Amino acid sequence: MMRLLQALFLALLLAGPALAAVGDPAEQLPDPVLEERARAIGRELRCMVCQNQSIEDSDADLARDLRRIVREQVAAGRTDAQVLDYLYDRYGDFVLLRPRFTLATALLWGMPVIALLGGGLLILAMRRRAPAAAPAELTEAERARLSRIEDGSDRPIGGVGGTAANGPKA
Amino acid sequence: MIPELGHFALALALALSLAQAVFGLWGAQRAEPRLMAATAPLAIGTLIATGTAFACLMWSFAVNDTTVSAVVQNSHSAKPMLYKLTGTWGNHEGSMVLWVLILALCGGAVAGFGRKLPSTLQARVLAVLALVAVGFLAFILGTSDPFLRVWPPPMDGQGLNPILQDPGLAFHPPLLYLGYVGFSVTFAFAIAALIEGRVDAAWGRWVRPWALAAWSFLTLGIALGSWWAYYELGWGGYWFWDPVENASLLPWLAGCALLHSAIVVEKREALKTWTVFLALLAFGLSLLGTFLVRSGVLNSVHAFANDPARGVFILFLLMVYVGGGFALFAWRAAAMAPTGVFAPLSREGALVLNNLLLCSIAAVVLVGTLYPMFADLILKQKISVGPPFFNSATLPLVVPLIGAMALGPVLPWKRARLWPALQRLWWAALGALAALLLCLALEGQRIGPALGFAAAAWLILGAAADIADRIALFSRPRAALARARGLPRAAWGGAIAHAGLGVMMLGLAGMGLATDRLALLQPGQSASLAGYDYRLDNVQDVAGPNFSARRATVTVTRNGRDVVVLTPERRSFPVGRMTTTEAAIHTTWLSDLYVVLGDERDGGAVLRIHHNPLAPWIWFGAAIMALGGGISLSDRRIRVSAPAAKLARGEVTA
Amino acid sequence: MSEATAPDTPNPWRRRALLLVPLVVAGGAGLGFYAMLRGLGTGSYDPRGVPSALIGKAPPDFSLPPLEGADRPGLSAADLHGQGRPVLVNFFASWCVPCVIEHPQMMRLSRAGVPVFGVAYKDKPQDSLGFLQRHGNPYARLGVDLPGRVAIDWGLYGVPETYLIDKSGVIRWRWAGPVTEDTLTQDLEPLLRRYA
């Protein structure tokens, strides 16, 4: 029963995005520069009732309301950071599509550097092995076998170094 | 009757796979030629059984057999036949059957094309493929049986999500699965190599075609999905860094690194550990994607019906295959001794850098995708990681990668000097600079698109420079054509694939310059954008096979001359109770004109008009990349493995 | 397998350790996924739920007009503390199906003497009135938020939502979705006792 109710609740919330995400010309800001700023801010804000969409990409009621708020704030002269803060105060971390840099997200934001440095160190560490030590001297039996191979009386097995007829040129 | 047959066929496939796994592993371990020889026919048998099961399921969908619960839940008699058929895989159960079918196809292909492989290797590869099949067939039969019956049968099915009734989306899963599951073959080769304790140039040569094939299909599958999102979802977006999209990108990145790394194993017998690891990783990431989509731990539009019980089963399979693979790797990889030595600045060095960058990008995407889930679990914090993060975090890694993509192919093996290599690329660098400056001059301070155009020029001209250098076009032009004909296809394939990415960058840069306009128009009114005028003529009711719609007729003119008439629609589907938008798109070589119909108010209609310069090149570029992969694949040298030596009676090839 | 050379790596154990890393990472991730799956079953892990940003803070400043014909005073921020006991604020609408389903629980709470304050979210006044006449009016105070702006100040993202505010006027709990009987007995009643 609980599941059904939750599903109904969600169905209600999600009914919006299925419609055309078109928007309303009347809600756009008259100044194109401000409108572009409002859009850029909107792309940083998550539509809370949709699946991984920003408020600019969704036509849910909530998204529309939030777009209106963003435009009001921008028209009132707030900076981008102030507008984002306004919504962060009300909705928390979840509404920001670009997570804030905190201790909790340090690993996330540090990942490019960690991966690159870590990988680089790994490569260096593996290379520091004795560079493919020269093969040990052949034993007598192995020497004999080698000469038999070279004579062609003992074919190699497997792939590498087959007869010249079939070895592909690098 | 047919569903019963299908069900039986699945069980038969499970039994055959089990036998294949046991015979293959035991036979190879004991060097028993008869056991090993049995694996290939068993693989063919599994293929026939799985194919039969899939055909039975498809038949049930085709005739709308409402005694089958999968059909009832996902189909409807009013659906057009094409979508009835493709609806076979448009649901969890059917798509799993498609998954194992492709796995069986891969097994059959290894059985058929791999006759020249050493018998122990082929037996082990087939055995590992069969092990994977056993796991997933057990999963299907245990938790996701598509042939479950419903009695008494309802009058009709409950219909499919209308958004999925679309040609692009219908064919997106098969292509994607050919990619995901194709990497199971490279996985199997890696496991076999670890068991055997040997990775050599021959192994590199055998692995590369499979990696190429899987990667090419995955490229097409991802591109098709992205193109579908662009024309269907109605706001011109084509990549959202959605967790499920990322789940397809991750194996693509690992597979890309794999197919490059395998070249080094083949040519220089180096990077063995890396390559084996990448082969394990690529399939592991495919399986991770399968888990994320079907288990319910993710919050995403793409996720199938969520069932934690199924999730546990898939997680178990994931741990067995990936954990087992990595455990084997930790245990055995130390035994693989590389013999190739190379200087840091060399083609090998460039490929190491390539591996590093691709794996770093994959790591960033992986961590970004999983972070919200793990933050919720461990820190009890809900954070969102969206496109702004992914774009910012991957860009610093993509830029050097693009730089290396043109430089790598012109470096010689083993040891290179930087200046001569750069000299070969001077006109690519010049072209990139020119593109950058041209874009800044024409479009203003739009640094993103400008860099995109520069990158595109660098890649395309760099690929041309690579080919020109190989055929000595400028130094010895007379014989250049003959040399071009003699150039191995793998060289052409590589250059074309790199150029394909350049073409895709053109499209991406162009989209960065896209503009749009929102207007409420009365019939007869026009709005203009980017030199085109869009006149709304009227809005009418139309009816489709299983929907009713409002259709707007928009005439597009330029300088007074008619260009095209576009008809965007808003469709209502009574059975699914959903409404979708159908954007009207006019594609030319240079741009897409994209119109979406919105609300109707006050006697008029809201239209959103987009001008997307160079948009078609995004997917065109992806197709070129896949073409490059295909051309490489057709290189005879790659497909012909060295023949195993004639054997003394009863002897076994190593 | 030809072991032609003993690779005289300076540190074979380091290499072994490095080779173990993928397994360790995969194992850790696997444990995490398993915990998530278990949590999905028990409800402790909910990928779709969103916590309120206002927990532990005072409610935003607001003042909403009363609903004409409902015979209840309007609602403002000042009413939310100084009651001597915790209060509930319930956002609802007549067009919201789960609100109908949870309404009996609201009635039950109000009959038990818990102060329940209502906010009609984006609802035409006559529709709200009809809703209350049909299903009962549990609200001691009732505000009308037709544009929905006050709701956004509360961090609302759908209806119904219910907030528990303690005696000192601090928000302690937010439930998004209908308050079912289970929610009432398992979550809300213990909290009401705790903050009494």
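1. Arg570(B) is buried, with a relative accessible area of 16%; buried means under 20% relative accessible area, exposed over 50%, and partly exposed in between, with a 1.4 Å probe and protein chains only. Its salt-bridge partner is Asp599(B), at 3.3 Å from N to O. A salt bridge here is a side-chain nitrogen of Lys or Arg within 4 Å of a carboxyl oxygen of Asp or Glu. Asp599(B) is partly exposed, at 33% relative accessible area. Asp599(B) belongs to strand S9 (residues 591–601) of chain B and Arg570(B) to strand S6 (residues 569–573) of chain B, so the pair ties together parts that are 29 residues apart in sequence. Helices (H or I, at least four residues) and strands (E, at least two) are DSSP runs, numbered from the N terminus.

2. A note on the basis of these values. This is a predicted model, in which local features need pLDDT of at least 70 and side-chain atom pairs count only at pLDDT 80 or more, while totals for chains, interfaces and linings use all residues. Residues are numbered from 1 along each chain as its sequence is written, chains are lettered from A and ligands numbered from 1 in the order in which they are written, and side-chain values use heavy atoms, with hydrogens and water left out.

3. Over all chains, the search finds 39 salt bridges. One of them joins Arg571(B) to Glu569(B), at 2.8 Å from N to O; Glu569(B) is buried, at 6% relative accessible area. Another joins Arg550(B) to Asp541(B), whose closest N and O atoms are 3.1 Å apart. In that pair Arg550(B) is partly exposed, at 27%, and Asp541(B) is exposed, at 60%.

4. Which rings does Trp154(C) pair with? The count of aromatic pairs over all chains is 32. Rings of Phe, Tyr and Trp (its six-membered ring) pair if their centres lie within 6.5 Å; planes under 30 degrees apart count as stacked, over 60 as edge-to-face and the rest as tilted. One such pair is Phe91(C) with Trp154(C), edge-to-face at 5.6 Å centre to centre and 70° between the planes. Phe91(C) sits in strand S3 (residues 87–92) of chain C and Trp154(C) in the loop between helix H4 (149–153) and strand S6 (161–165) of chain C, so this pair links distant parts of the chain, 63 residues apart. Trp154(C) also pairs with Tyr163(C): the centres are 4.9 Å apart and the planes at 70°, so this pair is edge-to-face. Phe91(C) and Trp154(C) are buried, and so is Tyr163(C).

5. Elsewhere, ring pairs join Trp109(A), Trp239(B), Trp241(B), Phe389(B) and Phe390(B) into a cluster. Two arginines lie over ring faces: Arg100(A) over Tyr88(A), at 4.0 Å from the ring centre, and Arg332(B) over Trp331(B), at 5.5 Å from the ring centre. The criterion is NZ of Lys or CZ of Arg within 6 Å of the ring centre and within 35 degrees of the ring normal.

6. Chain C has an open sheet of 5 strands in the order S5-S4-S3-S6-S7, with mixed pairing. Two strands pair if DSSP finds at least two bridges between them. Strand S5 (141–145) and strand S7 (171–176) of chain C are at the edges, each with a single partner strand, so one side of each has no neighbour in the sheet.

7. What lies on either side of S6(C)? S3(C) pairs with S6(C) in the antiparallel sense over 5 bridges. Here Phe91(C) has Glu161(C) as its bridge partner, and Val87(C) stands opposite Ile165(C). S7(C) is also antiparallel to S6(C), again joined by 5 bridges, with Glu161(C) opposite Ala176(C). S6(C) and S7(C) form a hairpin with 5 residues between them, and Gly169(C) in the turn has a positive phi of about 85°.

8. Is S6(C) enclosed or open? In S6(C), 5 of the 5 residues are buried, so the strand is largely enclosed by the rest of the structure. Glu161(C), Tyr163(C) and Ile165(C) point one way from the strand, and Thr162(C) and Leu164(C) point the other way.
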